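Morning, everyone. Let me put the model up, and then I'll go through the interface and the cores.

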Amino acid sequence: MAGSLVLPGIVSDLLARDAGPVADNPLAPRRPPQAAKAKRIIFLYMSGGVSHLESFDYKPKLAADAGKQVNGRTLLGPQFKFERHGRSGIEVSELFPHMAKCVDDLCVIRSLKAEHFEHFQATTGIHTGSWTVKRPSIGSWVSYGLGTENQNLPSFVVLAPYLPYAGTQSWDADFLPAVHQGMRVMPGEEPVRDLIRRSPTLAIQEAELDLLAKFNRKHQEKRAEDSRLAARIRSFETAFGMQNTMPDVLDLSQETDATLRLYGLERGSNKGFAWQCLVARRMAERGVRFVELIDSGSTGNWDSHGKMADHIPRAKNVDQAIAGLLTDLKSRGMLDDTLVVFTTEFGRTPHTDGVTGRSHHPYVFSSWLAGGGIKGGMVYGESDDYGYDVAKDLVHAHDFHATILHLLGINHEKLTYRHAGRDYRLTDVYGNVVKALLA
Amino acid sequence: MRAPIRAASFSASLLFSALLILPARAAVAADDAGVAFFENRIRPLLVEQCYDCHSATAKKVKGGLLLDSQPGWSKGGDSGPAIVPGDPEKSLLIKAVRYLDKDLQMPPKNQQLTAAQIADLVQWVKMGAPDPRTQAGPTVARVEAKPGIDFAKARQFWSFQPVQDYPVPHVKNPRWARQPIDHFLLAKLEAAGLKPGADADRRTLLRRATFDLTGLPPTPEEITAFLADKSPNAFEKVIDRLLASPAYGERWGRHWLDLVRYADTSGCNADVPIPDAYKYRDYVIASFNQDKPYDQFIREQIAGDLLPSASESEHYERIIATGYLAISRRFSSLGEEPHLTFDDTIDNVSKTFLGLTLSCARCHDHKYDPLPTDDYYALYGIFSSTRYAFPGTEIPRHPRNLIALVPRDRYEAEIAPFEAKLAKVDQEMDAHYARKVSLDTGKERNAADAAYKKSNDERDALIKAAPKYDHAYAVTEGVPVNVPIQLKGDPKKPGREVPRGFLQILGGQKVPATGRGSGRRELADWLADPRNPLTARVMVNRLWQHHFGEGLVRTPNDFGARGQAPTHPELLDYLATRFLAGGWSVKALHKQIMLSHAYQLASTENSAYAQKDPDNRLLWKFNRRRLSAEEIRDALLAVSGALDRTPGGAHPFKPEWEWRYTQHNPFVADFPGHRRSIYLLQQRIRLQPVLGVFDGADANMATGQRPLSTTALQALFMLNDPLAHQQAEQFGARVLAASDDPIRRLQLAYELAFARPATKDELRDGAAYLKAMEAKFVDAKTPADKLPRAVWASYCRVLYSSNEFIFLD
């Protein structure tokens, strides 16, 4: 094994096959306990709170009663026009003209509910199922449950150009083993911390790794039974592999003009959500289990208190890119086994904040699922006439998580980890799979 | 943060109630139509869907709720009346069947009623819930009382039994044993038919002991001195030297900081800095270095401010010690959610000092251990009777209630008036804030906004011109109050009140009702009581664990039923007894452990034994361990010669009046440097990057044992991180400067990195590598004068990356 160290030609799947039993390699790919259509997941997270009332939940009565005073608060009508789209005729706001074209692939949930009205807690909530104390991220849980297909890449990648609310807690493995932590990948010269070879030439680094292999082999001779030593030797091979594989994943030069156009990405650019979406497809192709994309950070995001028009640049940043991703996945036959999730930490109030803005609203909001195992072109759940509360078919964030795990072939009640004397789950002691969404 | 969103939404739901409510009807005397509706649509539904758990015939009545009579639902269960006649929106029963609240879903387990059934129930409640079943059955008596905990039985569990002084067991081979510890271990090995393995060589032993006690590698001089010392107590002298080194407190203080989830920031949404937190960190380090008796260490951290002190400086130190409580995690952007902060305190106190998971009892009695909810709230009362320093957050952004560390005269003359000014501005600020958020847009709102801003500016100005005085982020006594149980852990659902006191399984002492204190003074004594069966056991187990890699109890924070039983219960008690008899001296315990033969064994494998005892529970060999995150970073710096040994001190935070941290722009900083890792900034919102890579402790929870991972990121760190490269260059330069002889250089590099001389083969390979790399660096266009350093840096990178560097035999 040590001899293979300096052969840059090693391909990932070889290592995947060689990954050994689970006991040795916590990231070895595992078959899900239940049959599942989705093999991987792309999690599109919109930071700051996307208004359900300006995206996927049209409220004509709110429009009709706009300006009415209700308990000292002024109702604000939807600030963007809605139209029906696709064969399904689902209403989508004019903020998302591209996504609207994909609506027949989406299962829009209009009755999502969460537990907290502050960004920080709401962000950890939708990621970890905990609105109070720190817990492992959904991506870490999936990595823990299923391992990963490509041993030269991490199992859980987070494409986040900006730090979101709650810092890195959204992709932290917390008490799960650290290998399941999300690896943050950023656009730019060093997309992953310490990824770029710092030794002056490849030849020098290879020589160093050769000598290291020799040192470690000798050290291991008298300590043959300690599997940690072998694991650490392997970690250098993986690191070396990643050092070469990751730039390849991020190298978009071989993508056609047509593909770039689809995402709305200029050649050579690594800006914006278009770059994130295209990289996500390339990660998915190469077997990364969980790719999370965070569109913005803890500022300059969807938190449009002052005026809902601030949603326009946010929507522009993501709309074509997401539609491009869905279309691209579909044309490559990958949408069948890739689950795409579009979500945010909470919705926004039916009444004003500022003059034409809205405040935080966890009591009902919208998200959508698409791809592997999902019924497209449907709407699930309803909010009430003004979009204040869930009116029908509540989908609590725990239910949302349970459903996502189910789509990956995991029973959310059985994916547990013993910590501090208790078996923990992503869904705590809650969660029901929403069966109506399943294809 | 903007307007009070929560309040807004409450008013929203009130609005909807108003829209949906039909005129309520007095429903006690149900009319015929109503009764008919009940008989046709409701009764069958209740019988079929609810009676299994909510009727006199139920095997076990759930939640104390009966739905088989009108008085049953009217009186309701644990959560109150189930139905408000005429008002479905206020009726818990309707809420439950609608599945709108994840905590209240009936029938449970996703067996939701059909839409038609729900509509019927709503209709019925709107009609005033006519119900002819006016007689409460004999059923209330059958509501099963919560089965109490049988404490007498629970006390039989090993960890709640008093610590016993076991006699040192006989062994077949007493000559092997050097300490009573060895007798206990050997007796078990002999019983299993195993023999202890070979001894570690002296270099291995020195490297082990030095890292264990100081977190640093031994220097070549220390190695030479130890090898030259032929006296029989040479190793004992080493232990004494290491225990006396200031580095000892920096290593063992770190273990303690792991437990108490120490951080320099609050953990609130803005993760604001706590400029005074370092004083507690330095206090911990100093306490270990002074070998402060452990019981005193406990008392000071829980109630140091209340203890009699011999001097002013001792009093200050003890106030700083209560920083342990003050550093409890903070939540939200508004300084809200104190119940989560108290939960964090309770969780930490119980795990750190007692090895119990009491926070499980926040919402319900502990499922496995004899820890009822009452005990949780008995402690909760003590902490909510305590005034914690407030670190500031997004709103309000200024710290409050810091404790002045000044002599009484000066305090009264100068500081108290200043604090009064601060308090006055704070009060005004709070009032302005409350007013501003109660107003919608408009003139008045603008005025309130301006007034609020003005009071913030005043506050900044006051602090900027503050008298220079020292203060602590600590606690003091608040208003003594017993608290009600929070049903299901929800502070909005108060239950019965519980008197402040201690865990029932450990004695159940109460805070005297006549006393005026919070109860911390008493709690400190209960925790530090030598008769407390857990305190000493838990601590000696921690010491054992950090010397042997695993504790005698392998779940150091859980001595309950879900934890592991001790591998050597008699030894655990023997050590606890000695610990108590020795006046809780931690250093004496180290010495006792390290002088044992078992500690001095080699980590050599034995495949036959590994078959029988794969986890080495019987300790037939020493456990090899990977260095911790701090040890790795500190060793890189120490070996290169770059380590800055300056102890203690504050972080370079911006002055308080410049803070504008919010959840949108939280405080984030690195403050890099070359000091020991324990002095690096510890944030709650993110791990210190280098330490995070190597499994550094998460400052959000009590870490009793760090999970050690092997990841590609760690390898990437060694391959490519600027710190690894800088230190390899410096290491190379150090070796180059030390001698002109290439062989002597290689020897020194091996001594520094591995604490051993290089073998002949290694010298030959090393020389060959250095030679061969020259050409490669020439190819890489390295200038001739930089070649030696470049080549040596390359070689040192390999030494740093090797398994031998990062593992300790």
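Start with A:Asp226 and B:Arg624: their side chains form a salt bridge, 2.8 Å from N to O. By salt bridge I mean a side-chain nitrogen of Lys or Arg within 4 Å of a carboxyl oxygen of Asp or Glu. Between chain A and chain B the count is eight.

Ground rules. This is a predicted model: local features need pLDDT of at least 70, side-chain atom pairs count only at pLDDT 80 or more, and totals for chains, interfaces and linings use all residues. Residues are numbered from 1 along each chain as its sequence is written, chains are lettered from A and ligands numbered from 1 in the order written, and side-chain values use heavy atoms, leaving out hydrogens and water.

Now the interface. 91 residues of chain A contact 96 of chain B, contact being heavy atoms within 4.5 Å. The buried area is about 7,800 Å², with 58% from carbon and sulfur atoms. That is accessible area (1.4 Å probe) lost on putting the two parts together, summed over both. A:Phe117, A:Asp194 and A:Arg232 supply 9% of what chain A buries against chain B, more than any other three residues.

On to the cores. A nonpolar core is a set of buried Ala, Val, Leu, Ile, Met, Phe, Trp, Tyr and Cys residues joined through side-chain atoms within 4.5 Å; buried means under 20% relative accessible area (1.4 Å probe, protein chains only). The largest has 121 residues, and B:Leu503 is among the members touching the most others. Beyond four places in sequence, B:Leu503 contacts residues including B:Leu354, B:Asp375 and B:Gly508. A second, separate core has 120 residues, including A:Cys277 and A:Met334.

Note on methods. Buried < 20%, exposed > 50% of the residue type's maximum accessible area, 1.4 Å probe, protein only.
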